[in-house]
Amino acid sequence: MARQFSVRRQTGFTAIAMMCFFALYLPIAVLVVYAFNAGTSLNTWEGFSLQWFVKAFENQQVIEASIRSLQIAVVAALVATAAATMAALATTRTEPYRGLTLKYAFINQPLMIPEIVTAVALLIFFSRIKVWTGYSGLGYLIAAHTAFCIPFAYLPIRARLENMDLTLERAAADLYATPWKTFRYVTLPLLWPGILAGLMLAFVISLDDVVITEFVKSAGQDTLPTYMLGQLRRAITPEMNAISTLFLLLSICIVTVFFFVNKKRI
Amino acid sequence: MSEAAEVIEAEARRDVRNRWLLSMPALLIILLAAAGPLLIVVVYSFLTPGPYGDVQWQPTLSGWVNVFLERDIFDETLSLADAHVSIFMRSVWLSLVTTVLTLLVGFPTAYFIATRPDNSRELWLFLITIPFWTNLLIRTFAILQIIRNEGLINTIMIKLGLFASPVQMLFTDGAILTGMVYVYLPLMVLPLYASMEKLDFRLLEAGYDLYATPFQVLRRIIVPLVKPGIIAGSILVFIPALGAYVTPSILGGGKNLMLGNLIELQFGQGRNWPLGAALSITLMLIVMVALLFYVRNAKGAGGRHG
């Protein structure tokens with residue numbers, strides 16, 4: 001029987017797609033496999049071992065950098081999501097009003113400017129403030145991360161709000177609910193998946209950041225990515241593979257949850 | 001004006017005021033830690049570099065002059081700064097090639113995902129989404145391991161007898177290009193998929209009924225219909241590629257700089273903050289031009305098919 005004709009078929013597309021998926025995952029697979037190498041080599045397999053994971057956990061710098069990364073990511077993601085939720089409520093389900101376009105542009109600004117430019121700007125600005133105030137704690141990194149996390153948190157929340165009409169909230173108001181009660185018992189539960197998705201996106205984006213952190217951090221404020229960047233410029237051992245594998249695992253977990261939260265419809 | 005109309009108008013005004021209050025925290029944070037400092041960069045680009053980094057508060061154009069010109073240290077004459085010009089050209093060129101290559105690979109991939117049956121489509125999409133949210137540094141590190149002299153490619157090629165000795169792939173423009181295509185590919189596939197998902201496949205049927213070849217269907221029906229996705233994907237790849245810092249600094253080594261590395265140098269070893277500031281603004285201007293191009297084309301494409 002002749003092969004069935006399909007209007008969707010384009011010669012070679014499937015082959016290219018398969019090669020694309022293969023090429024996307026091969027380097028990551030190699031990286032993960034050598035994290036379990038018994039030897040110090042990144043290219044000759046010398047047997048299975050967990051020693052590099054043990055080394056990573058015993059490495060004080062890695063532990064400190066990881067904790068710092070998590071601290072920054074948690075605070076930045078929470079603040080960014082709260083701010084983004086309010087901003088999304090303020091910019092959706094309304095007639096266009098003066099300044100609305102400006103708000104969109106402003107909220108999405110961190111997405112449009114190359115990261116290196118923002119990094120330089122913050123380096124200059126914060127170094128001034130450090131001199132003036134004498135404060136050089138994690139606050140600068142948290143502020144910077146919060147700012148660039150806002151648009152990422154904003155996107156899913158706004159998308160969720162735009163699919164929600166005002167009927168239920170109006171019904172609540174008709175039944176003498178106060179604006180706060182309407183928000184607390186009607187809007188918020190409906191919006192929750194969007195907020196959760198935004199929170200997770202913001203968390204991952206903060207956790208992954210290299211460039212802005214590299215420029216803004218003071219001495220001794222390495223996050224895990226900037227620590228890794230520093231190590232990559234020196235001799236590399238499979239300890240880097242082990243750290244990367246754990247990091248990868250965390251990202252994949254978050255993305256998986258995100259993917260399913262985001263796919264669920266009302 | 002009737003009383004009712006006044007009440008409605010007052011209500012509307014209050015609504016807008018509340019909306020401004022609600023968006024204040026987000027706007028303030030971005031103003032303080034993203035948008036505002038950009039203005040300071042503009043100011044710094046017109047100041048005199050300090051001896052140990054930072055600036056002295058004496059206005060000068062030297063930062064801007066140094067973007068493309070260099071002053072001879074002996075006779076003070078100005079000449080074209082070849083190093084800077086070639087880094088600019090290389091950055092734009094590598095970013096363009098990256099965009100084209102990601103498009104060539106990403107288009108069939110997105111089309112493949114969009115034409116899967118509903119139940120498996122989610123899985124393929126998920127496989128693209130994972131690298132999208134995986135740390136860029138880790139993905140660059142993964143590429144580094146593959147193309148090193150002792151990496152997978154060289155090892156296999158030598159075992160097969162195709163290479164006599166390891167071929168130097170790391171620290172070349174080719175390495176930067178490979179890395180950028182690898183890390184930015186998901187940024188191309190996702191918007192392409194978003195517009196292919198909406199593709200009306202009956203139009204392809206109509207094309208075939210009119211004796212179009214598959215290539216004609218691709219060129220005359222599919223490509224024009226998904227043009228917004230092509231433009232969006234290209235912008236999403238081109239902008240971060242142009243400002244790329246991590247990928248070229250790991251895969252390009254010290255010699256093969258891109259704009260991001262050149263800017264960083266001015267704040268590190270080079271210690272010429274005004275020049276770094278001027279370079280940053282130049283980069284931002286190029287990006288603005290690309291975005292304007294996007295806005296104009298996106299509107300045109302939307303109008304024609306919308």
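Predicted model: local features only at pLDDT ≥ 70, side-chain atom pairs only at ≥ 80, totals over all residues.
## Two domains in chain B

Where the two domains of chain B meet, 17 residues of domain 1 are in contact with 13 residues of domain 2. On the domain 1 side, three elements of chain B each give two or more residues: helix H1 (3-44), strand E1 (47-49) and helix H2 (62-68). H2(B) supplies the largest share, with six residues.

## Chain B against chain A

Now for the chain-chain interface: 68 residues of chain B are in contact with 66 of chain A. On the chain B side, H1(B) gives the most, at 18 residues. The class breakdown for this side of chain B is 52 nonpolar, 13 polar and three charged residues.

For the complex, the predictor gives an ipTM of 0.89 and a pTM of 0.90. Chain B has a mean pLDDT of 87, with 95% of its residues at 70 or more. Among the elements of chain B, helix H7 (residues 173-196) has the highest mean pLDDT, 94, while strand E4 (residues 78-80) has the lowest, 72.

Then there's the stretch at residues 302-306 of chain B, where pLDDT stays under 50 and the model has two contacts beyond four places in sequence.

Definitions and conventions
Residues numbered from 1 in each chain as written. Chains lettered and ligands numbered in written order. Contact = placed C-beta atoms within 7 Å. Helix = DSSP H or I, 4+ residues; strand = E, 2+ residues; numbered from the N terminus. Nonpolar A, V, L, I, M, F, W, Y, C, P; charged D, E, K, R; others polar. pLDDT = per-residue confidence, 0-100.
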